[in-house]
Amino acid sequence: LRTPLSNISTQNQVMLSHARSNQEYQETIASNLEELSRIIKTINDVLYIAKAENSLIHRNDEWILVEDEIGKIVDYFNILGEEHSLTIKTSGQARLFIDKSMFERAVNNLLSNAIRHAYEGSTISVNIVAKAEQVSIAVNNFGDTIPLSVIPHLFDRFYRQDKSRQSSSSVGAGLGLSITQSIVNAYQGIISVKSEQGYTSFIMEYPNAKFK
């Protein structure tokens, strides 16, 4: 929170140093609102993680068709992907007993991350695999390889030291992957990362509940 608060404070001090035009005041207010939005999002994300880790989120678990829910999310992200000539493909099918909004948030975070770090013109794939004991969803992209020394820290809160995966357009606080991990953990699942020769895969593994 220190960075956006410092930006707001500095901008206001500069503006108050002497009289300004209406346009300058409006531009500063608009800039301050952007910084305040970052603060609000960071606070909401931290609260979400805390609630998820302490089972305080009201869960409306239901059976979902994983391929259908991911298909809806991919339709949205295809619009963003087109800006960088990216293609998103999906494969596989499965059923999960899970809160739909939590599942969507986890997949959203992984796809957003994949698009942000994929090479222009490459293909992002989402592979669904159903087994007797678990359902796995892997989000894969081609981009800079993540160093082995960095992988253990990717899910740490506010972690943004991964220079090979940072984007100049990224304005997040480094909480997206932490939120995804907290959601997967809330269902006694596991999330892992593999990155070799430019191919990176984030894999969510959810225990497969018995059909009712």
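Among contacts in the protein chain between residues at least 6 apart in sequence, 69% join residues at least 24 apart, where contact means heavy atoms within 4.5 Å. This is a predicted model, in which local features need pLDDT of at least 70, side-chain atom pairs count only at pLDDT 80 or more, and totals for chains, interfaces and linings use all residues. Residues are numbered from 1 along each chain as its sequence is written, and side-chain values use heavy atoms, with hydrogens and water left out.

Let's start with the overall layout. The protein chain has 5 helices and 7 strands, in the order α-α-β-α-β-β-α-β-β-α-β-β along the sequence. Helices (H or I, at least four residues) and strands (E, at least two) are DSSP runs, numbered from the N terminus. The C-alpha trace spans about 70 × 40 × 35 Å along its principal axes. Of the 212 residues, 40% count as buried; buried means under 20% relative accessible area, exposed over 50%, and partly exposed in between (1.4 Å probe, protein chains only). The accessible surface comes to about 12,300 Å², with 52% of it belonging to carbon and sulfur atoms. Such areas come from the Shrake-Rupley method with a 1.4 Å probe, and for residues only the protein chains shown count as cover.

Now for the rings. The structure holds 6 aromatic pairs. Rings of Phe, Tyr and Trp (its six-membered ring) pair if their centres lie within 6.5 Å; planes under 30 degrees apart count as stacked, over 60 as edge-to-face and the rest as tilted. Two of the pairs are set out here.

| Pair | Centre distance | Plane angle | Class |
|---|---|---|---|
| Trp 63 and Phe 97 | 5.3 Å | 50° | tilted |
| Phe 155 and Phe 202 | 6.2 Å | 80° | edge-to-face |

The pair of Trp 63 in strand 1 (residues 61-65) and Phe 97 in strand 3 (residues 95-99) links distant parts of the chain, 34 residues apart. Trp 63 is partly exposed at 23% relative accessible area, and Phe 97 is partly exposed at 24%. The other pair also links distant parts of the chain: Phe 155 lies in the loop between strand 5 (134-142) and helix 5 (176-186), and Phe 202 lies in strand 7 (residues 199-207), 47 residues apart. Here Phe 155 is buried at 10%, and Phe 202 is buried at 3%.

Trp 63 has the charged end of Arg 95 over its ring, 5.0 Å from the centre, while the charged end of Arg 105 sits over the ring of Tyr 48 at 4.1 Å from its centre. The criterion is NZ of Lys or CZ of Arg within 6 Å of the ring centre and within 35 degrees of the ring normal.

Helix 5 deserves a look of its own. Is helix 5 mostly covered or mostly open? Helix 5 is mostly covered, with 8 of its 11 residues buried, including Leu 177, Ile 179, Ile 183 and Val 184. The buried residues of helix 5 pack against helix 2, helix 4 (100-117), strand 6 (190-196) and strand 7. After helix 5 comes Gln 188, with a positive phi near 60°.

Helix 2 (residues 22-53) is also the place of Ile 43, which is partly exposed at 39% relative accessibility.
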